[in-house]
Amino acid sequence: PVPTISWRRADGKQLPRKARRHRSSGLLEIPNFQQEDAGLYECVAENVRGKNVARGQLTFYAQPSWTQQISDVHAAIEERVSWECRASGRPKPSYRWLKDGEPLLPQGRVQLEQGSLTIPNVSLSDAGMYQCVAENRHGVIFASAELSVIAIGPDFSKTLLKKLTLVKVGGEVIIECKPKASPRPTYSWKKGKDILRENER
């Protein structure tokens with residue numbers, strides 16, 4: 001006789017409440033399929049002469065989607081620059097980096113690890129357009145950001161050179177000189193018009 005058909009999950013979980021069973025056609029319909037719906041399903045056909053089971057694996061997948069993107073950076077020479085991008089997806093996305101459209105490889109000063117890129121001491125040659133690429137077998141997405149490297153001449157506007165008065169002969173005096181500059185400047189000291197040279201004092 002015509003068998004009756006039923007559906008069940010092989011892992012013992014309940015069928016999704018939203019699932020619709022069409023007994024006449026043996027069809028199981030799961031609208032709005034989500035990750036928790038994935039698993040091994042069984043179709044059971046049975047009549048008075050016996051029973052047969054067919055199994056099928058339902059797998060959930062998702063294209064990559066950004067959860068954290070990169071943004072433009074303005075950095076002075078020798079500053080540290082760090083970017084991090086993150087994407088969701090199933091299977092878990094892998095990451096790679098491009099600079100001005102060319103693959104960027106870990107080398108010397110450039111450190112790459114998964115979705116992070118770090119340049120401990122930027123130079124003018126590091127300026128350019130960077131792209132973080134996240135991909136799995138179902139899709140590829142790109143996030144772009146520009147790195148601008150700025151050179152700054154020495155600026156004493158935010159540096160205070162204190163006038164010090166000695167109270168006691170033989171006391172120690174320390175005068176700090178820390179101008180804002182990029183790249184790091186070289187220093188020289190003068191007393192009046194004479195260049196100071198290091199000596200025992």
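This tour moves through a predicted model, beginning with a sheet and continuing to individual loop residues.

Begin by selecting the five strands of the open sheet, whose order is 7-15-14-10-11 and whose pairing is mixed. Which strands stand at the edges? They are strand 7 (73–76) and strand 11 (102–103); each has a single partner strand, so one side of each is left without a neighbour in the sheet.

**Strands 14 and 15.** Next, select residues 128–136, which form strand 14, together with residues 139–150, which form strand 15. These two strands run antiparallel and are joined by nine bridges.

**The cis peptide bond.** Now move to the loop between strand 9 (86–90) and strand 10 (94–99), where Pro91 is located. The peptide bond to display there is the one joining Arg90 and Pro91: it is cis, with omega at about 0°.

**Asn32.** Proceed to the loop between strand 3 (27–29) and strand 4 (39–47), and select Asn32. Its phi is near 50°, a positive value in a residue other than glycine. Is Asn32 buried or exposed? Its relative accessible area is 59%, which is over the 50% cut-off, and Asn32 is therefore exposed.

**Gln114.** Finally, select Gln114, in the loop between strand 12 (111–113) and strand 13 (116–119). Although Gln114 is not a glycine, its phi is positive, at about 50°. With a relative accessibility of 54%, Gln114 counts as exposed.

Technical notes: Residues are numbered from 1 along each chain as its sequence is written. This is a predicted model: local features need pLDDT of at least 70, side-chain atom pairs count only at pLDDT 80 or more; totals for chains, interfaces and linings use all residues. Side-chain values use heavy atoms; hydrogens and water are left out. Two strands pair if DSSP finds at least two bridges between them. Helices (H or I, at least four residues) and strands (E, at least two) are DSSP runs, numbered from the N terminus. Buried means under 20% relative accessible area, exposed over 50%, partly exposed in between (1.4 Å probe, protein chains only).
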